Amino acid sequence: MTASDAPSPTPTNAAFSAPLLQRHRQPFTIADDFPDTSAVLGAIPKRCFEKSYAKSFGYLAVSLILAAAAATAAHLLLPTPAPLKDTTALSVLLWAVYAFWQGAILTGLWVVAHECGHNAFCDNKTLQDAVGFVLHSALLVPYFSWQRSHAVHHSRTNHMAEGETHVPNKAADPAGAANFALSRWIGEDGFAIVNLFNHLVLGWPLYLLVGATGGPVRGTTCHFVPSDSLFPGDWRAKVWLSDVGVLAAIAGLIYASKSFGGPAVAALYVGPYLFVNMWLVLYTWLQHTDVDIPHYEADQWTWLKGAFCTVDRPYPEVFDFLHHRIGSTHVAHHLCSRIPHYNAQEATDAIKKAFPEHYKYDPTPVHEVMYRCAKKCLAVVPEGKRWYYTDKPVEVTPTKQE
């Protein structure tokens with residue numbers, strides 16, 4: 001099947017999404033026929049699956065050196081952090097600029113730990129988990145707990161019931177109806193601002209603490225307390241070990257606050273930490289969400305359909321470099337998460353060439369698509385065999401299943 005042969009989105013979704021996308025692209029065509037998983041993996045050059053100790057530790061070293069350099073420069077060059085009542089607007093501005101860039105740098109370390117969780121860092125699993133555990137714990141991430149929940153995310157991508165993270169609300173459900181009501185009350189732009197705040201500021205802690213945006217089949221979950229729905233069997237002990245890592249990092253921050261002062265720790269660590277959280281939620285959100293990206297119920301969902309619902313996006317080169325291209329090669333990452341990031345571009349090129357009717361790339365600038373999703377992706381409605389986002393509480397009757 002060629003791209004021109006692939007069926008378009010359903011008429012209702014095309015009418016909704018096409019005007020929103022027309023500046024940069026047409027709505028994605030969504031094929032009904034998918035290749036075998038073995039065919040997809042076979043199209044990726046075998047060398048893409050090879051892990052290199054030198055490259056993995058080399059990229060880790062680059063991120064560590066940049067983070068240390070940024071913190072040192074801020075300490076030496078910026079005004080001494082002081083309580084807010086004693087600080088100046090210029091000092092707040094300068095430290096905010098530092099927080100943004102240091103957060104972008106530290107996200108690179110987050111991505112390295114993420115690769116450890118996927119068994120994409122090195123062949124020594126003990127060493128790999130040790131690296132990931134230290135890096136994620138330092139960023140207050142429960143390493144093993146998140147490793148498990150993220151594996152579920154990969155295994156159930158864009159599944160309406162069993163997905164993990166950014167599972168959409170149905171328009172007919174109370175949460176979906178609440179989104180429509182709020183959008184009508186404060187307006188589309190007001191809703192977009194609230195939605196961005198909920199995602200980029202509150203999203204990560206709420207996900208860790210109560211499983212916000214997780215699949216309804218698992219209900220409320222907590223990454224710090226093992227539950228049978230998300231952490232079965234041996235994972236329970238790993239959850240407690242993850243807690244130890246995070247508590248050790250918190251103890252270190254408390255000690256640093258007593259030694260160097262709370263304002264210094266807030267300026268050097270807490271500010272960048274908030275931007276790290278923003279980046280990781282932004283990636284997960286935008287790689288699987290848009291006005292023309294479908295979700296599937298259990299009877300229509302397959303692993304490969306979910307993986308090919310992933311979208312690569314044009315992140316600015318500086319962030320692509322700092323974040324090891326996690327956002328511009330995300331399709332390949334979902335098709336095989338064991339591919340190291342330094343081989344992901346070659347894998348992406350191979351997938352795009354072999355399966356152009358399934359590979360998705362959106363040239364829309366990231367800030368535009370972020371606002372589009374925040375403004376227009378309120379809840380999903382059924383259209384044929386798929387569920388699509390809408391911004392209005394419309395009634396759509398599913399077509400008869402074949």
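Select D391, which is buried, with a relative accessible area of 10% (buried means under 20%, exposed over 50%, partly exposed in between, with a 1.4 Å probe and protein chains only). This is a predicted model, in which local features need pLDDT of at least 70, side-chain atom pairs count only at pLDDT 80 or more, and totals for chains, interfaces and linings use all residues. Residues are numbered from 1 along each chain as its sequence is written, and side-chain values use heavy atoms, with hydrogens and water left out.

K392 is partly exposed, at 47% relative accessibility.

Next, select residues 143–155, helix α6 (helices are DSSP runs of H or I, at least four residues, numbered from the N terminus). Of its 13 residues, 10 are buried, so the helix is largely enclosed by the rest of the structure. The buried residues include Y143, F144, W146 and H150.

Proceed to R156 and E162, a salt bridge with its closest N and O atoms 2.7 Å apart. R156 is partly exposed at 29%, as is E162 at 27%.

Then select K170 and E297, whose closest N and O atoms are 2.8 Å apart in a salt bridge. K170 lies in the loop between α6 and α7 and E297 in the loop between α9 and α10, so the pair ties together parts 127 residues apart in sequence.

Finally, select R25, D290, D292, R313, D362 and R372, which are linked in a network of salt bridges.

Note on methods:
Helix = DSSP H or I, 4+ residues; strand = E, 2+ residues; numbered from the N terminus. Expected span 1.5 Å × (residues − 1). Salt bridge = Lys/Arg side-chain N within 4 Å of Asp/Glu carboxyl O.
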